[in-house]
Amino acid sequence: MTQAPPPPHTPSPPPRPLWRTALWTLAAMALAGALALGIAVAWLYPGLPELDKVTRYQPQQALQVFTSDGVEIAQFGSERREFLPIAQIPQQMQDAVLAIEDARFRDHSGIDPIGVLRAMVANLTGGRRQGASTITQQVARTFFLSNRKTAERKLKEAMLALKIERSLSKDEILELYMNQIYLGHRAYGFGAAAQVYFGKPLAALTLAESAMLAGLPQNPAFANPITNLERASRRQQLVLGRMRSLDMITQAEFDAATAQKLAIRSPLQVPVHAEYVAEMARQAVFERYGQQAYSQGIKVTTSLIAADQQAAYAALRRGVLAYDRKQAYRGPEDTEDLPSDPAEEDAAAALALKDYNDDEDLRVAIVLLASPQAIVARLATGETLQIKGDGLRWVQNALSAKASPQLAIHRGAIIRVQRQDSKTGPSWSVSQWPEVQSALVALTPATGRVRALVGGFDFSEQQFNHVTQGWRQPGSSFKPFIYSAALDQGVMPSTEVNDGPLTIAGAAGAPDWTPQNDDGQFLGAISLRQALAKSRNLVSVRLVQMLGAQNARTWAGRFGFDIDKQPDNLTLALGAGSTTPLQLASAYAVFANGGYLLPPVVIERITDAQGKVLFEAPPPAALADTERVVPERNVFITNSLLQEVTRSGTAAKAQATLKRPDLYGKTGTTNDAFDAWFAGFQPNLAAVVWTGYDKPRSLGRESGSSVSLPIWIDYMGHALKGVAVANAPAPDSVMHDALNDWTFTQPPENGELIRFGFDQPTQ
């Protein structure tokens with residue numbers, strides 16, 4: 001059988017070149033990618049948000065509180081922001097941001113292809129990883145998207161960037177970015193960041209400082225100069241290098257900025273401590289506007305004067321700490337475990353201290369080593385310090401081997417330390433957080449405007465405002481109002497009053513009352529002037545006996561005291577009623593201004609974010625004769641008595657220390673020294689200081705002259721610096737009597753008393 005011949009052989013086609021296959025594959029992939037991208041864009045674009053957030057930008061702006069001279073004392077709100085139009089943002093700051101974030105910002109249309117390619121090459125070749133987001137894309141993400149790194153988010157970001165570029169100008173986009181971006185420590189926008197990190201406005205920053213801020217957007221939480229100065233400095237140098245390479249700055253400017261040592265503002269540093277007034281302002285605004293008060297950019301201007309307020313804060317703190325230093329050391333605040341391995345000590349110490357509130361005066365520290373000769377301690381800022389010599393003298397008992405567990409200072413103890421600066425350099429001493437409280441308020445007598453108000457030692461520890469909320473017995477600081485009432489009844493400064501024993505029979509079987517002088521002695525016949533200067537209790541009691549308690553209360557009401565809070569009996573003479581430091585200061589201001597009762601003013605003005613006035617305090621009233629609540633002649637003579645107190649009486653330290661005669665006032669100490677006061681004035685400034693414990697207990701062997709007067713003197717020394725002496729001229733309604741003391745030109749209806757209280761029977 002014959003087989004069929006095989007079919008002729010057909011040669012196979014030559015293989016396609018590999019490059020052509022790869023090219024077709026890439027083209028197919030690109031086509032598929034473009035198709036997928038087109039589908040994704042078509043799917044996502046209709047769901048993109050409207051641009052109202054950026055085209056009608058309404059930045060969240062915190063409630064801000066200022067002194068009368070423009071110093072910010074507080075912000076309330078989740079976002080700290082100071083909105084600045086682009087025209088008010090220095091070009092240097094704009095250049096620094098563009099250099100590091102988006103150098104081609106003015107050239108691209110929202111997406112920068114060159115930047116994308118550069119980032120891809122760097123990332124694929126193992127170079128420094130780079131992002132490719134433009135400032136417009138960052139605006140899109142900040143306002144509309146999350147930070148999740150997903151393909152969908154990146155695509156939406158790009159589409160929104162293109163959409164934003166079609167709706168806003170470049171300057172408008174940059175303005176949004178520079179006011180909205182988060183920069184660490186609750187600061188949103190570069191205006192707020194300038195205040196947070198450097199304590200000054202954006203326009204006042206140097207090139208080096210601007211570059212530091214420009215480096216923050218990449219990692220604001222962990223690369224800011226407060227949290228990590230080293231990281232922030234590396235970013236700053238990168239910004240400066242980019243600015244130089246782009247010819248935004250000269251080589252000389254680059255060199256100077258690189259060499260500049262920056263002063264970073266510590267979170268503990270506050271330009272003006274006015275936390276109690278800030279809280280008063282916050283409450284007032286919240287009552288009017290509710291929760292929106294914290295986001296609408298409302299601004300409150302108070303009556304405070306920044307320098308006065310800071311002087312008051314510092315004086316009060318010095319006085320309280322001086323008193324506390326007289327008390328026994330109460331022991332460490334707590335104890336923490338520290339590892340024995342030195343390599344782990346730093347981290348453990350930092351961790352142990354993070355839950356304790358630090359303070360600019362009383363720094364919190366953990367003890368690393370303790371002996372009777374020296375303490376080595378670590379501050380919350382990481383600084384290690386050594387305390388020895390005088391710095392340990394106060395706590396020697398706590399360093400003894402026999403110290404009780406509650407008192408002992410040992411490794412791991414949490415203590416407070418204070419720094420003292422001297423010509424030989426800084427030194428440290430062990431201190432403690434005081435238990436006693438104090439309050440100071442000062443106001444302008446002619447207007448009632450409060451110039452300084454410190455409601456307690458520390459607002460973060462105790463929010464109770466002792467100036468406005470602390471109703472306490474005024475003690476002898478109330479006596480001038482009794483004396484003023486007595487003058488109106490003919491008891492003159494030269495009148496002799498009996499400072500002798502007195503027993504008041506108790507009513508309805510109650511025990512008799514035998515008032516005593518503070519020194520337990522009786523001086524017999526004494527002039528009214530000497531009686532107030534020496535604060536004789538028996539004289540005050542006899543004056544109230546003569547006046548009648550109800551009449552004395554009514555007269556005190558002229559000065560603004562709540563009559564219902566004053567006792568309707570003879571204990572009124574000793575200041576057994578209740579008042580607040582603010583009410584007492586307002587009452588003393590009546591003496592200082594010539595007899596006018598003016599309401600104290602703390603909040604001057606409230607405005608909205610656009611500057612529209614929402615509230616404004618009435619202007620100071622005209623001081624016309626018809627408006628006096630106390631006659632001019634009465635005020636003048638009472639003031640002469642108060643001037644004697646500061647010249648030769650219980651407050652003689654005032655004139656002696658401040659070297660000026662125009663000081664008037666009265667000390668006050670209640671039974672068992674539960675409350676210590678000094679209330680006084682210079683004709684242009686009235687101020688009151690109170691000291692005591694929140695839960696009333698004795699201050700020990702102290703008085704108003706030893707505890708509160710030094711604080712008053714300290715404050716007034718600063719507040720009156722450069723102020724001319726102002727002694728009020730005598731009005732026509734007074735003249736000198738035969739003893740060369742003051743008396744009324746026209747005697748009272750009852751006539752003048754030459755002697756008083758000597759023929760009074762025991763009652």
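Biologist: At roughly what angle do the axes of helix α9 and helix α10 cross?

Modeller: Bear in mind that this is a predicted model. In it, Leu207, Ala208, Ala211, Met212 and Ala214 of α9 meet a set of α10 residues that includes Leu229, Ala232, Val239 and Met243. The axes of α9 (residues 207-214) and α10 (residues 229-245) come within 8 Å, and they cross at roughly 110°. Because angles of 65 to 115 degrees count as roughly perpendicular, α9 is roughly perpendicular to α10.

Biologist: How many of the residues of helix α3 are buried, and what covers them?

Modeller: Helix α3 spans residues 91-101 and is mostly covered, with 9 of its 11 residues buried. Among the buried ones are Met93, Val97, Leu98 and Ile100, but also Gln94, Asp95 and Glu101. The cover over these buried residues includes α5 (135-144), α7 (170-180), α8 (190-198), α9 and α10.

Biologist: Gln64 is a polar residue in strand β1; is Gln64 buried or exposed, and which side chains make polar contacts with the side chain of Gln64?

Modeller: Strand β1 covers residues 63-66 and holds Gln64, whose relative accessibility of 6% lies under the 20% limit, so Gln64 counts as buried. Beyond its neighbours within four places in sequence, Gln64 is in contact with Glu72, Ala74, Gln75, Ile298, Lys299 and Val300. Two of these residues also take part in polar contacts with the Gln64 side chain: at 2.7 Å there is the side chain of Glu72, and at 3.5 Å the side chain of Lys299.

Biologist: How does the open sheet of 3 strands compare in its pairing, and which helix lies across it?

Modeller: This sheet has the order β15-β14-β23 with mixed pairing, its edge strands being β15 (524-527) and β23 (753-756), and its twist averages 20° from one strand to the next. Strands β14 (residues 491-499) and β15 run antiparallel and are joined by 4 bridges, with Val497 opposite Ile526 in β15. The helix lying across β14, β15 and β23, at about 110° to β14, comprises residues 537-547 and is α19.

Biologist: Which members of the largest nonpolar core touch the most other members?

Modeller: In soluble globular proteins, nonpolar side chains tend to be buried together. The largest nonpolar core here has 124 residues, while a second, separate core of 53 residues includes Val54, Phe143, Met178 and Leu202. Phe559, one of the members asked about, is in contact with Phe481, Ser484, Ala587, Val590, Phe591, Leu597 and Val630 when neighbours within four places in sequence are left aside. Those that touch the most other members are Phe481, Leu528, Leu543, Phe559, Trp712 and Tyr715.

Biologist: How many residues of helix α17 are buried?

Modeller: Helix α17 (residues 479-487) is largely enclosed by the rest of the structure. Its buried residues include Phe481, Ile482 and Leu487, together with Lys479 and Ser484. The count of buried residues in α17 is 9 of the 9.

Methods. Residues numbered from 1 in each chain as written. Predicted model: local features only at pLDDT ≥ 70, side-chain atom pairs only at ≥ 80, totals over all residues. Heavy atoms only, no water. Helix = DSSP H or I, 4+ residues; strand = E, 2+ residues; numbered from the N terminus. Buried < 20%, exposed > 50% of the residue type's maximum accessible area, 1.4 Å probe, protein only. Polar contact = N/O pair within 3.5 Å; in protein donor to acceptor, adjacent residues only side chain to side chain. Contact = heavy atoms within 4.5 Å. Pairing = 2+ DSSP bridges. Axes fitted to C-alpha atoms, helices over the stretch in contact; angles between N-to-C directions. Core = buried A, V, L, I, M, F, W, Y, C linked by side-chain atoms within 4.5 Å. Parallel < 35°, antiparallel > 145°, perpendicular 65-115°, else oblique.
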